[in-house]
Amino acid sequence: MEGPERLFWIRPKHTIGRDLREKCYNPCIECGVPLGCTAVPDRNVKIFTNRVVVDHFGQRKFDIACVGSWYGTRENPELQDVPRDLVVSGGLFAFLYNAGVKGLVMPDEGVFSARGDSPLEKKRRFAELTSGKQDKILRKKMWWQKEKE
Ligand SMILES: [Zn+2]
């Protein structure tokens, strides 16, 4: 397909840390690789949070990466389903949003790092590529801003 309807796929080659909720089971008897993984929240905490916390954010320069955990099963080769969550920097998300990329879903919240990597940076990445009225991401209302209207 040619023209503006042409699709592009992006496949990250980096991974960040594992989701702390990751629980894997049923290791392969030959190689030890788990045949299944799922996300299980810590039931022993007194205050439950639905935040996704990973071990670390990897290298600071990453703009797109996979979370180090996968979820699903490898038990039946015909029914393999091992999706990985994908994360992008706020700067890349804003750049793609401003460029009119379709299919972007604004997450309800970000991902947090158990190592203490800051989820915020002083300067937005790629901010110099969009300015003024073109910067639609700055005018986008978040879900909590819409509820007050
Ligand atoms: Zn194996």
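**Before starting.** Residues are numbered from 1 along each chain as its sequence is written. The model is predicted: local features need pLDDT of at least 70, side-chain atom pairs count only at pLDDT 80 or more, and totals for chains, interfaces and linings use all residues.

**The sheet.** Select β1, β2 and β5, which form an open sheet of three strands in the order β1-β2-β5 with antiparallel pairing. Because β1 (22–27) and β5 (72–73) stand at the edges with a single partner strand each, one side of each is left without a neighbour in the sheet. Strands here are DSSP runs of E of at least two residues, and helices are runs of H or I of at least four, numbered from the N terminus. Two strands pair if DSSP finds at least two bridges between them. In general, strands of a sheet pair through backbone hydrogen bonds, either parallel or antiparallel.

Next, display β1 with β2, which are joined by five bridges. Glu 22 stands opposite Ala 39 in β2. The two strands form a hairpin with six residues between them, and Gly 32 in the turn has a positive phi of about 85°. On the other pairing, two bridges join β2 (residues 34–39) to β5; Gly 36 has Thr 73 as its bridge partner.

Select Asn 26, which lies in strand β1 and has a phi near 55°. Asn 26 is partly exposed, with 13 other C-beta atoms within 10 Å. A residue is buried if 20 or more other C-beta atoms lie within 10 Å of its own, exposed if 12 or fewer, and partly exposed in between, with C-beta atoms placed from the backbone. Then move to Phe 126, in the loop between β7 (111–113) and α2 (143–147). Its phi is positive, about 60°, and Phe 126 is also partly exposed, with 17 C-beta neighbours inside 10 Å.

**The core.** Which residues make up the largest nonpolar core? Select Ile 16, Val 54, Phe 57, Ala 65, Val 67 and Val 87. Such a core is a set of buried Ala, Val, Leu, Ile, Met, Phe, Trp, Tyr and Cys residues joined through C-beta atoms within 7 Å. Centre on Val 54: leaving aside neighbours within four places in sequence, its contacts (C-beta atoms, placed from the backbone, within 7 Å) include Ile 16, Leu 20, Val 67 and Val 111.

**The helix.** Finally, select α1 (residues 90–98), where Phe 93, Ala 94 and Phe 95 are buried. The cover over the buried residues of α1 includes β6 (86–88). Just after α1, Gly 100 takes a positive phi of about 85°.

How values were computed. Two residues are in contact if their C-beta atoms, placed from the backbone, lie within 7 Å.
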